[in-house]
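This report describes selected features of a structural model.

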Amino acid sequence: MDETTKARLALALPFTALAIAIVVGWWMRQGSPPNSTPETPIPEVNETRTTGQRPSEKEPGAASPFRVSPGIEVVTPAISLPLGNGKAEPIELPEPTRAPIAAASLESLNQSENPPEADLLFIQDVLKTYRAAFRENPFGGENEEIVAGLTGRNARSLVLLPPDHPAIDEAGRLLDRWGTPYHFHPISREVMDVTSAGPDHQLFTEDDVSSTMVAD
Amino acid sequence: MRQRDKDHLSRRHFLRSAACAQLGYAGLVNALTQMRLFTAAANAQSGGPGDYKALICLFLFGGNDSNNTLIPFNGTHRTRYQNARGILTIPPETLSRIHPDNDADAWGLHPSCTGMADLFNAGKLAVVQNVGTLVYPIANRTEYLSGNVPLPPQLFSHSDQQIQWQSSVPDKPYETGWGGRVADLVNAGYNSDGNVSMSISLSGINSFQVGREVIQYVVDKNGATSLWGYGPADNRYRDALNADGSYKNSWTGGRLQRFEEIMNFSHANLQEEAYTQVIRRARNYEGTIGSALTEADATTVDFDALFAGAQTSLGDQLKMIAKLIGGRNSSGNQRQVFFCSVGGYDTHATQLSSHGNLMDELSTGLKAFQDSIDALGLTDNVLLFEASDFTRTFTPNGSSDTASGSDHGWGGHKIVMGGPVRGKNLYGHYPNTTPGGPDDAGGTRGRWIPSTSVDQYSSVIAKWFGVDSNAIDTIFPNLGRFDSPFDVASANLDFINFA
């Protein structure tokens with residue numbers, strides 16, 4: 001590096017740093033909520049909603065750990081559970097939005113005209129869509145936890161499966177075509193095996209249908 | 001338990017946190033450098049040739065069902081166990097009985113764990129109950145469900161929990177393992193005469209031993225893994241040396257000589273230089289490991305006989321570790337960290353039979369290893385601790401005793417073994433094993449909210465290994481969120497005798 005270049009750099013660096021500081025300062029002001037500081041404690045509960053029930057059965061005012069905003073129709077999972085995304089939960093969850101999954105695909109789940117493998121492929125597609133949005137699998141290890149995440153119990157209230165889908169039972173579990181809850185197996189944040197117990201309703205027997213057996 | 005801080009994220013908070021994180025990482029590096037100097041100085045004053053310590057991390061991949069490793073024999077815990085475990089219930093009369101000094105209840109280990117029970121009752125093994133990954137303490141099910149306490153990301157996923165156990169920093173992207181950080185800290189102070197890395201793995205590259213300076217060196221059950229082309233199974237360089245180490249006047253001897261001359265060239269290009277350094281280091285380490293094994297063979301300890309009943313994957317790994325400890329003078333290190341592991345613990349199916357086999361492998365391996373260490377006269381110098389992804393659900397996932405198993409749980413019971421351990425005791429706190437009860441993390445499967453964090457458990461072990469109180473928070477940055485395992489008696493984590 002010659003002397004002229006060094007001199008130019010020496011001149012330019014302080015100005016660049018100053019410009020960055022001004023931009024960052026402006027952005028921080030824009031991002032600061034009015035009349036609040038980052039140290040403001042999070043209220044324990046903003047509003048409560050009954051859990052352990054289907055949306056149609058909810059009883060307003062009953063105790064629940066869920067914190068939702070008044071007036072917003074939030075999809076309530078059938079069981080109570082935390083978001084589990086590694087953070088304390090926000091005071092408000094955003095308004096529910098539907099993920100772009102075709103209605104025809106949703107209706108095809110567990111239909112006898114399709115092979116059982118097609119169901120596994122569909123569920124994997126739904127999980128793939130979830131991962132595209134959140135960069136990780138839904139929180140949990142149990143069927144009802146995974147399904148809660150897919151039906152809107154997530155940081156964006158993104159609904160990938162309608163909670164009233166006929167394949168979801170009263171306990172919030174996704175059932176296979178023989179009426180047995182699918183077995184979800186979280187391998188990593190990007191891999192989730194799904195298994196149907198098959199016609200004998202018994203997991204880990206020869207007639208099981210697993211996502212590891214079907215092409216991705 | 002301490003209250004955790006609230007985590008409220010605004011843009012300003014994010015920027016502030018990011019800035020602090022940058023400073024934090026820079027600070028961590030500086031702090032480790034400082035701590036290393038202190039450790040080196042302290043060792044220069046107090047450490048001596050007899051001050052040898054080896055730490056072994058045994059990882060049970062897949063999630064050991066520790067609900068069926070430590071099993072209540074009678075009383076309330078037994079009633080809850082029998083009410084909930086279904087086909088996974090193990091009859092009390094079959095248990096390998098243990099008699100903890102500090103617990104009035106009666107306990108047992110899995111029926112296949114007779115060797116471990118012997119070690120327990122002899123005061124060389126202890127169990128730390130309900131340990132798991134935590135970001136902040138969680139008092140009970142209500143607090144878990146409230147969503148107010150951040151949880152470890154991807155709590156029930158295998159690979160995430162394996163990494164979080166090995167890093168002990170669940171709420172940050174993985175960078176290093178706590179074994180690697182400890183090695184970075186103590187290496188300069190204790191291993192100035194070392195001829196091989198202090199971090200040796202019997203189970204491939206792992207997250208636990210990843211540090212910033214000390215590299216992990218992988219060996220297998222037969223010793224050093226030869227560079228491709230050097231090994232006895234390959235004829236490129238086989239039989240290339242004379243007994244005195246000189247090159248044979250043969251085609252292979254000449255080839256080896258030319259190759260090593262090339263590898264000893266210095267290179268101006270950094271990448272080329274680094275490449276040849278790796279080759280040279282691998283060759284040197286291979287020689288050191290060979291010397292250590294020769295040294296071990298020269299001891300009076302008959303490793304083959306001691307491990308005759310443990311000829312398994314785990315037994316083979318522990319046998320090699322015992323030999324390398326026996327040949328420690330060749331390594332020149334006063335501090336060594338070993339890593340070994342076994343897979344197959346993800347017992348969703350056929351658990352009763354498969355877990356029984358795993359417990360047998362575990363028990364026979366640990367017994368043979370401890371007997372070997374005792375025979376080497378190093379009982380008080382070696383400590384082994386166990387880790388696993390998580391324990392498993394208390395309730396089974398089916399009703400077939402031949403097909404069913406259990407699913408992913410959370411807090412589990414951990415084994416610590418060796419002379420430094422205050423054995424014949426149970427530590428931590430056994431959970432209320434009522435499905436859906438106060439210690440169950442949602443649902444009714446029996447996934448225990450840990451009462452002891454990985455940070456608390458690991459920090460006690462790290463302290464024994466030479467991490468002093470000034471450095472412990474640097475190695476375990478989240479430790480301050482939990483009750484001190486050293487000062488708070490109710491934590492019940494006094495499982496090592498530091499004297």
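## A crossing pair of helices

In chain B, the axes of helix α8 (residues 270–297) and helix α10 (residues 313–326) come within 7 Å and cross at roughly 85 degrees. Axes here are lines fitted to C-alpha atoms, for helices over the stretch in contact, and angles run from 0 to 180 degrees between N-to-C directions. α8(B) and α10(B) are therefore roughly perpendicular to each other, a term covering angles of 65 to 115 degrees. On the α8(B) side the contact is made by Ala292(B), Leu293(B), Glu295(B) and Ala296(B), and on the α10(B) side by Lys323(B), Leu324(B) and Gly326(B). Two residues are in contact if their C-beta atoms, placed from the backbone, lie within 7 Å. The residues of this contact divide into 4 nonpolar, 1 polar and 2 charged; Ala, Val, Leu, Ile, Met, Phe, Trp, Tyr, Cys and Pro count as nonpolar, Asp, Glu, Lys and Arg as charged, and the others, Gly among them, as polar.

## Basis of the model

The model is predicted: local features need pLDDT of at least 70, side-chain atom pairs count only at pLDDT 80 or more, and totals for chains, interfaces and linings use all residues. Residues are numbered from 1 along each chain as its sequence is written, while chains are lettered from A and ligands numbered from 1 in the order in which they are written.

## Chain B overall

Chain B comprises 14 helices and 13 strands. Helices (H or I, at least four residues) and strands (E, at least two) are DSSP runs, numbered from the N terminus. Of its 499 residues, 52% count as buried, that is, with 20 or more other C-beta atoms within 10 Å of their own. Among contacts in chain B between residues at least 6 apart in sequence, 73% join residues at least 24 apart.

## Strand pairing

An open sheet of 3 strands in chain B has the order β2-β4-β3, with antiparallel pairing. Because β2 (70–72) and β3 (96–98) of chain B stand at the edges, each with a single partner strand, one side of each is left without a neighbour in the sheet. The twist averages 40 degrees from one strand to the next. Strands pair if DSSP finds at least two bridges between them; β2(B) and β4(B) (residues 107–109) are joined by 3 bridges, with Leu70(B) partnered by Leu109(B). Helix α3 (residues 114–121) of chain B lies across β3 and β4 of that chain, at about 15 degrees to β3(B).

Elsewhere in chain B, β6 (residues 199–201) and β7 (residues 216–220) pair in the parallel sense over 3 bridges, and Ser201(B) stands opposite Val218(B). β7(B) is also joined to β8(B) (residues 223–224) by 2 bridges, in the antiparallel sense. A hairpin of 2 residues connects β7(B) to β8(B), and Val219(B) has Ala224(B) as its bridge partner.

## Nonpolar cores

The largest nonpolar core has 102 residues, and those with the most contacts inside it include Ile56(B), Val182(B), Ile321(B) and Phe338(B). Such a core is a set of buried Ala, Val, Leu, Ile, Met, Phe, Trp, Tyr and Cys residues joined through C-beta atoms within 7 Å. Not counting residues up to four places away in sequence, Val182(B) touches Ala462(B), Phe465(B), Val467(B) and Ile475(B).

Conventions:
A residue is buried if 20 or more other C-beta atoms lie within 10 Å of its own, exposed if 12 or fewer, and partly exposed in between; C-beta atoms are placed from the backbone. Angles under 35 degrees count as roughly parallel, over 145 as roughly antiparallel, 65 to 115 as roughly perpendicular and the rest as oblique.
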